[in-house]
Amino acid sequence: MRQFFKYVLATIVGLLLFSVVSFFLFVGIISAIGAASDNETAVKEKSVLKLNLNNPIQEVGVENPFEGFGPFNSTGDVIGLIGLKEALANAALDPNIKGIYFQAEYPQAGWATLEEVRNALLEFRKSKKFVYAYGEVMTEKGYYLASAADNIYLNPAGALEWNGLEAEYTFFKGTLDKLNIKPVIFRVGEFKSAVEPFILDKMSEASKKQTASFLNSVNDHFIAKVAASRNLDAATLKKLADDLTIRTPADALKAKLVTNVAYYDQVESDMRKKLGIEEKKKIDFVALGKYEKAKKYVEEGSLKNRIAVIITQGEIVSGKDDDNIASDRVAEQIRKARLDDKVKAIVLRINSPGGSALASDVMWREIQLARQAKPVIASMSDYAASGGYYMAMGCNQIVAQPNTITGSIGIFGMLFNTEGFFRDKLGMTYDRVETNQYADFPSLTREMSDFEKGVLQQSVERGYAIFTTKAAQGRKMPVDSLRKLASGRVWTGSQAKANGLVDKLGGLEDAVKLAAQAAKLKEGDYRVRYTPEKKNAIEELMKEFTGGDEEARLSAQLGDLAPYLQYLKKLKNMQGVQARMPFELDIK
């Protein structure tokens, strides 16, 4: 027995030592790679910038110190939109970069983000350097990026999706009925469809009307841009989608949607000819992460004059949450920019479907204070709707992409009566003692009276009145005119511009230029500073290592079921009156 305990003790000690040594070895590797990643990347002559645009594209990226380190190299990097565009602008001036090669088959980004990337690629082409795109298959989103290239290569065994766009919603009424859970809804506006998935089993006529409107607006813009860049007829492109004409790569080639049907080795062969190098010579590709550390050719302006770009992305919540638009944290960033004498103007970059009406109003107030001191310009990304529009309407001017989803000026409140669920499914009942008649108001475990429901409805109507009144003031239009555009209706940027909800169509650079003009700064006399900066990969890795990256963990464990659990998380996070779009909107 003594011998047994000796072996057990030795094993425990060995495991502890192994864990400690492994941890320090892990930290050492990270430190070494981190130190190496700080070195400037040397770009060889006749290099090609290589981009994998199938990775998620977000406003702010995550630095990958493992890029190029064999088994540690990640293929699932988060691309930062700002860093990507800066790299493209720099590559256009870099004498050692002769062209760009990219793959864009299933881009994980919204249409306005794709618009910014596509415009940056078109701007790069003005340098007379080549841009080649290749895909084994291409969705319409992928093709939208590829359409900006000189040459578009499609694998002979692949496919090109060309059948139009769709927007699909998921409905939960049947699930709630089975569970005997009754949603209690309070809303203003016939187009405020965010609550419909919980009370209907299909789209209402109002929801179908607005969805058809903005979906066709996005599609018309997509078709027009592709037609212009590929020198094709827009009506013909629409007919190709209506008839499902594009079924094979050969069909895509015949329709002139692609320039070549070829395998990857043939693409490389064409690039070697373009570069003027021998067939057997390896092409010097430079990955985005590496190139972001290369020599800078784009000149920066004076540090004395700064334009602060405050990036906000995610759902709107109260507090200081780092993963969403948290009102306390964003308000603090705006306040800091307002009080900094070197900051001459502020650009508020918004990518949000909305969220808490109260949190939106907290940030709106800070925006009002800031614009009294210096110009504040809103730049809308994929979404700036409902609570996202609430933030934007407080700015001096609003810039949106034509395919930005915005508007949805309206609010709602939603509770769930779970009394039947607990009683019939779990056998649980509730009883209570109260000091006052409505001490348990609002209740989730009993049916509320008409009076109680009326009180909540009045609260929502008051919030709607505040929202629309402030929106009308911000847009300098009568409240009645603004409310005709409200009622929770969703618009594209193009439609919002025509209706006076947006001032100018364009991207982040356009908003920055507008801010500079408002601050009376000349080009080259200012420097742009982004908040927050690119995420630190070490922190993100440690977060994942310690189990902090819950979303990634859920995706790995639940697969296709993960989004439904995310729905539940969003419901749990909903506090108070909400100013948000439908829970999930993915135009594809």
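This is a predicted model: local features need pLDDT of at least 70, side-chain atom pairs count only at pLDDT 80 or more; totals for chains, interfaces and linings use all residues.
Now let us turn to helix α7, which runs over residues 205-230 and has 26 residues. From the first C-alpha of α7 to the last, the helix reaches 37 Å. That is close to the 38 Å expected at 1.5 Å a residue. Just after α7 comes Asn231, which takes a positive phi of about 55°.

## The six-stranded sheet

In what order do the six strands of the open sheet lie? The order is β8-β6-β5-β4-β1-β9, and the pairing is parallel. At the edges you will find β8 (260-261) and β9 (284-287), each of which pairs on one side only.

Look next at β1, which spans residues 47-52. Strand β1 pairs with β9 in the parallel sense, and four bridges connect the two. Within this part of the sheet, Val48 stands opposite Phe285 in β9.

## Aromatic rings

How many aromatic pairs does the model hold? The count comes to 16. In one of them, the ring centres of Tyr101 and Phe285 are 6.0 Å apart and the planes meet at 45°, so the pair is tilted. This pair links distant parts of the chain: Tyr101 is in strand β4 (residues 97-103) and Phe285 is in strand β9, 184 residues apart.

Are these two residues buried or exposed, or something in between? Tyr101 counts as buried because its relative accessibility is 1%, and buried means under 20%. Phe285, with 25% relative accessibility, counts as partly exposed. Elsewhere, ring pairs link Trp111, Tyr143, Tyr144, Trp162 and Phe222 into a cluster.

## Salt bridges

A search of the whole structure turns up 24 salt bridges. One of them joins the side chains of Glu366 and Arg338, with 3.1 Å from N to O. Distant parts of the chain are linked by this pair: Glu366 lies in helix α13 (residues 357-371) and Arg338 in helix α12 (residues 327-339), 28 residues apart. Glu366 is buried, because its relative accessible area is 6%.

Which residues form salt bridges with Arg446? Asp440 is one partner, the closest N and O atoms being 2.6 Å apart. Glu452 is another partner, and here the closest N and O atoms are 2.7 Å apart. Arg446 counts as buried because its relative accessibility is 16%, and Glu452 is buried with a relative accessible area of 2%. Salt bridges that share partners also join Glu59, Lys85, Glu116, Arg349 and Glu509 into one network. Returning to Arg446 and Asp440, both of these residues are buried.

How values were computed
Residues are numbered from 1 along each chain as its sequence is written. Side-chain values use heavy atoms; hydrogens and water are left out. A salt bridge is a side-chain nitrogen of Lys or Arg within 4 Å of a carboxyl oxygen of Asp or Glu. Buried means under 20% relative accessible area, exposed over 50%, partly exposed in between (1.4 Å probe, protein chains only). The expected span of a helix is 1.5 Å times one less than its number of residues. Two strands pair if DSSP finds at least two bridges between them. Rings of Phe, Tyr and Trp (its six-membered ring) pair if their centres lie within 6.5 Å; planes under 30 degrees apart count as stacked, over 60 as edge-to-face and the rest as tilted.
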